[in-house]
Amino acid sequence: MSKKKPKTPNNVIVQNKRARFDYELLDTFEAGVALHGWEVKSLRAGKAQLTDSYVLMKDGEAFLLGSQITPLGTVSTHYVTDPTRTRKLLLHRKELAKILAATQQKGQTCVCTQLYWKGHLIKARISLAQGKQSHDKRDTEKDRDWQRQKRRIMRDAVKQ
């Protein structure tokens with residue numbers, strides 16, 4: 001009798017792969033997201049996009065700008081559905097202070113890299129980031145290609 005591996009649920013709703021390419025991610029935080037009911041339903045259907053999203057600090061609070069959550073067709077007509085509205089991020093005071101201090105430094109910003117489920121709650125993974133130069137991006141691509149090539153070589157060596 002063979003034992004089946006327990007399935008690990010994929011909790012990730014949407015990722016911002018562009019952020020990893022454009023920025024060097026320094027420090028990550030987990031934040032709650034204040035959402036409306038129709039947004040949660042849309043996220044369950046996977047209708048979200050984080051490509052141009054970033055975190056803005058205003059009056060000691062963090063807000064997610066540029067994220068897009070497309071409303072479902074079944075959303076009630078009496079709701080005003082704004083797909084790109086500003087959403088509040090829920091963080092502890094110490095985390096807010098750390099992000100504010102880091103973003104006031106030259107060259108650092110805060111971007112949202114992932115939305116995921118944690119139980120029945122939706123969380124955002126945000127990261128402090130520093131912009132990459134074009135030569136850094138080329139180095140990242142070269143390293144990724146080399147890792148892929150190494151895996152191919154090892155796979156072919158095991159087959160023989």
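1. I begin with Gln 114: leaving aside neighbours within four places in sequence, its contacts are Val 12, Val 14, Gln 15, Leu 50, Lys 123, Ala 124 and Arg 125. Gln 114 belongs to strand S8, and with a relative accessibility of 10% it counts as buried, the cut-off for that class being under 20%. With Arg 125 there is also a polar contact between the two side chains, at 2.6 Å.

2. As to confidence, this is a predicted model, and the protein chain has a mean pLDDT of 87, with 94% of its residues reaching 70 or more. Among the elements, strand S7 (residues 87-90) has the highest mean pLDDT, at 95, whereas helix H4 (residues 134-159) has the lowest, at 85. Where pLDDT is low, the predicted coordinates should not be read in detail.

3. Apart from residues up to four places away in sequence, Asn 16 touches Leu 50, Thr 51, Ser 53, Cys 112 and Thr 113.

4. For Leu 89, if residues up to four places away in sequence are not counted, the residues touched are Ala 31, Gly 32, Val 33, Val 55, Ala 62, Phe 63, Leu 64, Ala 124 and Ile 126.

5. On the overall arrangement, the protein chain has four helices and nine strands, which follow one another along the sequence as β-α-β-α-β-β-β-β-β-α-β-β-α. The radius of gyration is 19 Å, well over the 15 Å that the globule rule gives for 160 residues, so the protein chain is more spread out than a compact globule. Along the principal axes, the C-alpha atoms fill a box of roughly 65 × 50 × 30 Å.

6. Finally, some totals for the protein chain: 31% of its 160 residues count as buried, and carbon and sulfur atoms hold 50% of an accessible surface of about 11500 Å². Of the contacts with a separation of 6 or more, 68% are between residues 24 or more positions apart.

How values were computed
Residues are numbered from 1 along each chain as its sequence is written. This is a predicted model: local features need pLDDT of at least 70, side-chain atom pairs count only at pLDDT 80 or more; totals for chains, interfaces and linings use all residues. Side-chain values use heavy atoms; hydrogens and water are left out. Contact means heavy atoms within 4.5 Å. Helices (H or I, at least four residues) and strands (E, at least two) are DSSP runs, numbered from the N terminus. Buried means under 20% relative accessible area, exposed over 50%, partly exposed in between (1.4 Å probe, protein chains only). A polar contact is a pair of N or O atoms within 3.5 Å; within protein, one must be able to donate a hydrogen and the other to accept it, and residues adjacent in sequence count only if both atoms are side-chain atoms. pLDDT is the predictor's confidence in each residue, from 0 to 100. The radius of gyration is taken over C-alpha atoms; the globule rule is 2.2 Å times the number of residues to the power 0.38. Accessible areas come from the Shrake-Rupley method with a 1.4 Å probe; for residues, only the protein chains shown count as cover.
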